Amino acid sequence: MADITTKGVKFEELNPTFDGAVVVTGNFTRTGRLEITGDVRVIGATDFHIPTGRKLCLDGGSTTYITESSDGVIDFYGDGVLLLTAKQNGTQSEVVVNEG
């Protein structure tokens, strides 16, 4: 496998595989899926963004996850069941625990 070094150069139609550590400084953009085996750490003064309606999966991507179902509404699912909803409606905050 060849080394790929870029300084603002866009490589298209590549699906490189890296062994060992990969350090990205600046912005990293990828269309499609980015799969990472091992732990992921976000270090420094940055945020981690997930678009509305997408899931933060806790069990490998199946039935336990956290999602923003609509503006200001966060749902917590376990085994595919809605367990808890937290919402902010204007000046009103509400937590709903679903029991059964």
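Where is D79 found? In this predicted model, in which local features need pLDDT of at least 70, side-chain atom pairs count only at pLDDT 80 or more, and totals for chains, interfaces and linings use all residues, D79 is found in the loop between β3 and β4. Residues are numbered from 1 along each chain as its sequence is written, and side-chain values use heavy atoms, with hydrogens and water left out. Strands are DSSP runs (E, at least two residues), numbered from the N terminus.

D79 is not a glycine, yet its phi is positive, at about 55 degrees. Most residues other than glycine have a negative phi. D79 counts as exposed because its relative accessible area is 65%, where exposed means over 50%, buried under 20% and partly exposed in between (1.4 Å probe, protein chains only).

One aromatic pair was counted, with rings of Phe, Tyr and Trp (its six-membered ring) taken to pair if their centres lie within 6.5 Å; planes under 30 degrees apart count as stacked, over 60 as edge-to-face and the rest as tilted. Y65 and Y77 form this stacked pair, at 4.7 Å centre to centre and with 20 degrees between the planes. The pair links distant parts of the chain, with Y65 in strand β2 (residues 65-70) and Y77 in strand β3 (residues 73-78), 12 residues apart. Y65 has a relative accessibility of 11% and therefore counts as buried. The ring of Y65 also has the charged end of K55 over it, 4.3 Å from the ring centre; the criterion is NZ of Lys or CZ of Arg within 6 Å of the ring centre and within 35 degrees of the ring normal.

T85 is placed in strand β4 (residues 81-89) and counts as buried because its relative accessibility is 8%. Its side chain makes a polar contact with the side chain of D75, at 2.9 Å. A polar contact is a pair of N or O atoms within 3.5 Å; within protein, one must be able to donate a hydrogen and the other to accept it, and residues adjacent in sequence count only if both atoms are side-chain atoms.

In strand β5 (residues 92-97) lies S93, which is exposed because its relative accessible area is 56%. The C-alpha atoms of S93 and G72 are separated by 9.6 Å, the two residues being 21 residues apart along the chain.

Key: Helix = DSSP H or I, 4+ residues; strand = E, 2+ residues; numbered from the N terminus.
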